[in-house]
Amino acid sequence: MNSSSAVTRSASRPVVTRRSVLGLAAAGLAATMLAAPSPAQARPMGIEAKLPAPTGPHRIGTVSTRLVDTSRHDPWVKSVPYRELMISVWYPAAERPGGAGHRLAPYMAPGAAERWNAKAPHGIPKDAIDFAAMRTHAREGAPADTSGGRRPVLLYAAGANDPRTWGTSAVEELASHGYVVVTIDHTYEAPAVQFPDGSVKDDAPLLKAFAEAQQNEAVPALLKKVLDIRVADSKFVLDRLGSLPHGLSRVVDQERVGMFGQSAGGIAAAETMYEDRRVKAGMNMDGTLENNPEPNGTNLTPVAQHGLTRPFLLMGRQGSDRTTEPSWREFWSHTTGWKRNLTLRGSMHQAYTDLAALLPQTGVDRKVIEKHIGTIAPDRAVAAERAYATSFFDRWLRDKDDHLLDGPSGRYPEVEFAG
């Protein structure tokens, strides 16, 4: 659950309140608890929406797999003596004919799609999109392209209470440019995680914990728990890069690892990078770096308190940058590694997710689009996010600099440099 419910708009321009973009602001999660119908009520009849095609030179493939960490109990459901996750791996695929016969992968598994539709997420009307029928641009199980040798690998983390698929547009773009990208669902926090046996684990434990935290005035402690679990999950996935399915470990370069994410996923990227030196470069798309419902510079995460010594990119929405976001200001002052802070002019929090591509296809009016995405043209938000993410990771994981991050660019006038 991102804090899109916590930003408002005026008739002329977006107005940003100081609501936390960790993704668990009280208003947002409370609305989820009260308004979301049960999955059994959902009957998707909507359009088969489409994501923009990736622009890189590579065809892409994808596989999904279950990972089990037997070294710890599940932190949300203590009776479960292990932690299980679902991940998807996206990668450059071999040219046909080796990749022939592999169908385009679905955007979401049916059980997860049913729950996501039931939430009517981020302004998308219920039943407007058939998330299970949507197809990505990746061929399911296609053989990997091994001609380029080992490739840099990226971890992607979605916003809290969002599915791992919610950044597919950016993930596909990076895979098409030669990266192996691993997306992670955080079980019992994501709205629904479907496992290979067909079982679906929902977010009831998170919602229960949030209700209790509100009652006990302990929301910051819950936000810290969410972040700690995400970081532990991310470290575990890093541990498993040497045993990815479908022979993909043979094309992964574990010496060139990056991580990026939106909202709580961006915070997890920063904190994982701070705690684990295997992550060489990171990117945070509009995630505050403190454990507060309302950012005020207190309850800072360790990475905000101490900064980083390795390259990091901050991308914020309209009105949110290192000069206005207290935790970003602290992070900036303590970071000695290469850093940049960019802002998408006219954007809102969800401009950094697939909502930018999907919401306009549902037929909602302009006011709904501006509330959730902003006044920025949605296609321009997608193009800018893709371009700057690719430029950043190319620069630091592939030693390939297109100089896009050197300063303002006429190609992307909607991107402002705050540092």
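Mentor: Let us begin with a helix: 16 of the 20 residues of α11 (378-397) are buried, so the rest of the structure largely encloses this helix. Buried here means under 20% relative accessible area, exposed over 50% and partly exposed in between, with a 1.4 Å probe and protein chains only; helices (H or I, at least four residues) and strands (E, at least two) are DSSP runs numbered from the N terminus. The model is predicted, so local features need pLDDT of at least 70 and side-chain atom pairs 80 or more, while totals for chains, interfaces and linings use all residues. Residues are numbered from 1 along each chain as its sequence is written, and side-chain values use heavy atoms, leaving out hydrogens and water.

Trainee: What comes just after α11?

Mentor: Asp399 follows, and this residue takes a positive phi of about 55°.

Trainee: How many helices and strands does the protein have, and what share of its residues is buried?

Mentor: There are 11 helices and 15 strands, and buried residues make up 60% of the 419 in the protein.

Trainee: In what order do the strands lie in the sheet?

Mentor: Strands of a sheet pair through backbone hydrogen bonds, either parallel or antiparallel; pairing here requires at least two DSSP bridges between two strands. In this protein, 11 strands form an open sheet of mixed pairing, in the order β5-β6-β3-β4-β8-β7-β11-β12-β13-β14-β15. β5 (104-106) and β15 (415-417) stand at the edges with a single partner strand each, so one side of each has no neighbour in the sheet. On average, neighbouring strands of this sheet are turned by 30° against each other, direction ignored.

Trainee: Which helices pack against these strands?

Mentor: Among them is α5 (219-239), which touches β3, β4, β7, β8 and β11, with its direction at about 55° to that of β4. Contact means heavy atoms within 4.5 Å, and angles run from 0 to 180 degrees between N-to-C directions of axes, which are lines fitted to C-alpha atoms, for helices over the stretch in contact. Helix α6 (264-275) lies across β7, β11, β12 and β13, and runs at about 140° to β11.

Trainee: How is β14 joined to its neighbours, and is it enclosed or open?

Mentor: On one side, 5 bridges join β13 to β14 in parallel, with Phe312 opposite Lys339 in β14; β14 (339-344) is also joined to β15 by 3 bridges, running antiparallel, and there Leu342 has Phe417 as its bridge partner. In a regular strand the side chains alternate between the two faces of the sheet. In β14, Lys339, Asn341 and Thr343 point one way, whereas Arg340, Leu342 and Leu344 point the other way. Because 6 of the 6 residues of β14 are buried, the strand is largely enclosed by the rest of the structure.

Trainee: Which residues have the most contacts inside the largest nonpolar core?

Mentor: A nonpolar core is a set of buried Ala, Val, Leu, Ile, Met, Phe, Trp, Tyr and Cys residues joined through side-chain atoms within 4.5 Å. The largest has 59 residues, and those with the most contacts inside it are Phe131, Val181, Phe260, Met283, Leu358, Tyr388 and Phe393. Helix α11 gives the most to this core, with 9 residues. Apart from this core lies another, of 43 residues, among them Val63, Ile87, Val153 and Val237.
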